[in-house]
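Hello,

Here is the structure I promised to pass on to you. My notes follow below it.

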Amino acid sequence: MALSRENIINLVLALLLLVVPVAASQMGQPFTVTLATRIAVLALAATGLNIALGLGGLVSFGHAVFFGIGGYAAGILASHVFSGEPMMFGFEGSNQMPVIWIFAVIACGLAGLAIGAISLRTSGVYFIMITLAFAQMIYYFAISWPAYGGEDGLSILVRNQFPGINTMLPLSFFLLCYGVLIACIGLFALLRGSRFGAALQAARQNEVRVAAVGISPYGIRLAAFVVSAMMTGLAGALYADLNKFVSPSMLSWHMSGELIVLIILGGTGRLFGPVAGAMLYVIFEFALGGLTERWQFFLGLILLGVVLFARGGLIGLLAGKARHD
Amino acid sequence: MILSLALEQLLNGLQLGVMLFLMAAGLTLIFGVMGLINLAHGSLYMVGAFACAVVAAATGSFWLGLAASLVCAAAAGAIVEFLVIRRLYDRDHLDQVLATFALILIFSEGARWLFGSFPLYLDIPPLLSGAVPLPGIEAYPLYRLAIIGVGALVAFGLYLLISKTRLGMRIRAGESDREMIAALGVDIRTLYTVVFALGSALAGLAGALVGALQSVQVGMGEPVLILAFVVIVIGGIGSIKGALVGALIVGLTDTLGRFLLPSLLGLILPASTAGTVGASLAAMLIYIVMALVLAFRPRGLFPAKA
């Protein structure tokens, strides 16, 4: 890996996200650690979406579904441990993160397979609207199904556990999330560099040529969509544990929009685009939110400016154009 | 008694369908002519409702409010088109989605800034208040009937506009070949602004009409926007006829589903379970219908010529 300008920036971002919370924790500022955890988890969710959107060019406006399903996996499994009522087939739930993550990832994989299989029959605007509509369908289901809190959401009374780590400590939980984020960014890099990634990106650039060399774009895209859903779902499980709360708002279309915004703020298809985007977003939210209640108004203006005038996002601004575009 | 209730729900479904048509017609027109996906259409709906509520409260006349909603929504649409949207026509859909998402944030927070978070209320005009007896129904609210009438009029008016007038001819020409119509000397930029303002005015009208049934508040446009998306996906993006058929399908499915599903499920399930399962299923029903339509007709029921 040559030390191109983008790689240096990536390294700086990765170190920054690690060093700042560790230092803040030393100085006794747990709130900064929580903000950094929020950045790491949102970046993870957006990295998942970046597989579909950045590499595959699949503008999914419904990725909040997977984020929310992951969150509900954490909430539901934990609530059964707490209440002592067994779930289906006598399974008594779990408050162990590895078990929860496996459930979240499998559930999101299945949901991604079902939604992707139908949505990928279409393309362009249809794809955007259909993914949005499926997300709304699950959202309204979550609101109207009373078993797990319905509209009020579901609290996780005690943060779920990870073997060998005290997740109640903000810094330990942050390091866990950070580790998962870096592992998933590594997976993203592997995917992007693989034959599969090459085919996926080629299908984005020219579908007809990919088909002409004997690769079915549909299968490639569906696989990418499913992997993307799984990663976003894992982030959802962590997000629920971060807030110790999961509600239908994790499934809402605003969430889907925010995930796309994170990618665009950072730079579409870039390895660390989601990290840069999540940093910017959370810092905006914190800084503007401190100044004015109407911070979303200014977020809208900034976003509009980025879309109209700064198309490469933060990484594009700092590192120049991507090599293949 | 059951029959009368069913007829009433049928009319309610029709009324919802008509409202959705007003929204979907603008969306589909804008997509058909300019190839633009406009998430901020729900914000224009909100603009119409707020304009109507504010003017009606100030002057005491619902009709002045209604006129204000048309004017304000059209003006807001034209301004937004001029400042932002016209830079997006050559961009890909992702940029359009993001920029119009940003517009939603700006409109929603802006409205909250101006009017606060509390809902405004809009009264039904005296002329249309009260209920009328219909065959099979004891009394049905006159205002809802009027909405159905307005929707039918707008549908007919749009048909006349698009198929019989010079402007409509240009709109159709713009849909099929925008370079050619520009080469023939039609000012395409003005045409786009006019189409956008027309779509916005329809959204504003819908907002004002619904504002008297529900409360007028920030965020009221978003659920309607998503329903309108479902409508145009079912009907075929770019087709006004598709928007009409899709709107009626969605309106009737949603209303009748909420009415019928719990009792239908009650035949096979215990009453308490049937209630919850029925309500949950009914909330998902239109999306299931959409998925079914797409599984068989990926470009919608009336695909526009691309």
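**Between the two chains**

Chain A and chain B bury about 4300 Å² between them, with carbon and sulfur atoms giving 81% of that area (buried area is the accessible area, with a 1.4 Å probe, that two parts lose on being put together, summed over both). This is a predicted model, where local features need pLDDT of at least 70 and side-chain atom pairs count only at pLDDT 80 or more, while totals for chains, interfaces and linings use all residues. Residues are numbered from 1 along each chain as its sequence is written, chains are lettered from A and ligands numbered from 1 in the order in which they are written, and side-chain values use heavy atoms, leaving out hydrogens and water.

The contact (heavy atoms within 4.5 Å) draws 42 residues from chain A and 48 residues from chain B. The rule finds one salt bridge across this interface (a side-chain nitrogen of Lys or Arg within 4 Å of a carboxyl oxygen of Asp or Glu). Glu109(B) and Arg294(A) form that salt bridge through their side chains, at 3.8 Å from N to O.

On the side of chain A that touches chain B, the elements giving two or more residues are α5 (124–144), α10 (253–266) and α12 (295–309) of chain A (helices are DSSP runs of H or I, at least four residues, numbered from the N terminus). The largest share, 14 residues, comes from α5(A). By class, that side of chain A has 29 nonpolar, eight polar and five charged residues (Ala, Val, Leu, Ile, Met, Phe, Trp, Tyr, Cys and Pro count as nonpolar, Asp, Glu, Lys and Arg as charged, and the others, Gly among them, as polar).

Best wishes
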